[in-house]
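Subject: Structure handover

Hello,

I am passing on the structure below, with notes on what was found in it. Please read the notes with the model open.

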Amino acid sequence: MSTDRAKGRLKEPQTGYRNVHNAASIHHFEVWELAMAANASFSILTGNDIETRRVRAGGVIFREGEDADELFVIKSGFVRIQIGNRVVADLTADTIFGEMALIDDEPRSATALAITDVELVPVSEKQFLFLVSQTPYFALKVMRVLAQRLRVTNKTLG
């Protein structure tokens, strides 16, 4: 993957394939588009033809301690992450949450609540593993999100 410095965008890779069509189908995403998302937000995962899940304001998306088989990208609205009664983060569109449980195969470490009506894009574990294996920039973006959240937690506790 190369960068077009004049425009600040990633160029399409010269791999000979473009569409991602396999058992872990990612709804017609192109691998290079997913890599582009790693430098900005996760908005590429919330395209127009993507299956979404709607949760009304005040609704529980998942609870601390539940098993997990998907992460979420916020397409619209605001989501609150909390542990017990303590608010950990308020998240907005084009961000991910729920990824930790897919990475370490442990139960949910927090509860996710819809602050407003939200539209979410669920990403299954199978899709997540495909994205990570095929697009290193996606994996790097997820790691950056985790690192940033850890730094905020460290500052809060320190």
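Glu70 stands opposite Ser124 in strand 10. The two strands involved are strand 5 (residues 70-76) and strand 10, which run antiparallel and are joined by six bridges. Helices (H or I, at least four residues) and strands (E, at least two) are DSSP runs, numbered from the N terminus, and two strands pair if DSSP finds at least two bridges between them.

This is a predicted model, in which local features need pLDDT of at least 70 and side-chain atom pairs count only at pLDDT 80 or more, while totals for chains, interfaces and linings use all residues. Residues are numbered from 1 along each chain as its sequence is written, and side-chain values use heavy atoms, with hydrogens and water left out.

On confidence: pLDDT is the predictor's confidence in each residue, from 0 to 100. The chain averages 78, and 74% of the residues score at least 70. Residues 1-40 have a pLDDT below 50, and this stretch has 62 contacts in the model beyond near neighbours in sequence; contact means heavy atoms within 4.5 Å.

On the sheet: four strands form an open sheet with antiparallel pairing, in the order 3-10-5-8. Strand 3 (53-55) and strand 8 are the edge strands, each pairing on one side only.

Strand 10 (residues 118-124) also holds Leu120. Leu120 counts as buried because its relative accessibility is 0% (buried means under 20% relative accessible area, exposed over 50%, partly exposed in between, with a 1.4 Å probe and protein chains only). Leaving aside neighbours within four places in sequence, the contacts of Leu120 include Val55, Ile61, Phe72 and Phe97. Ile74 lies 46 residues from Leu120 in sequence, but the two are 4.8 Å apart in space, C-alpha to C-alpha.

Arg80 stands opposite Asp90 in strand 7. Two residues separate strand 6 from strand 7 in this hairpin, and Gly84 in the turn has a positive phi of about 60°.

Regards
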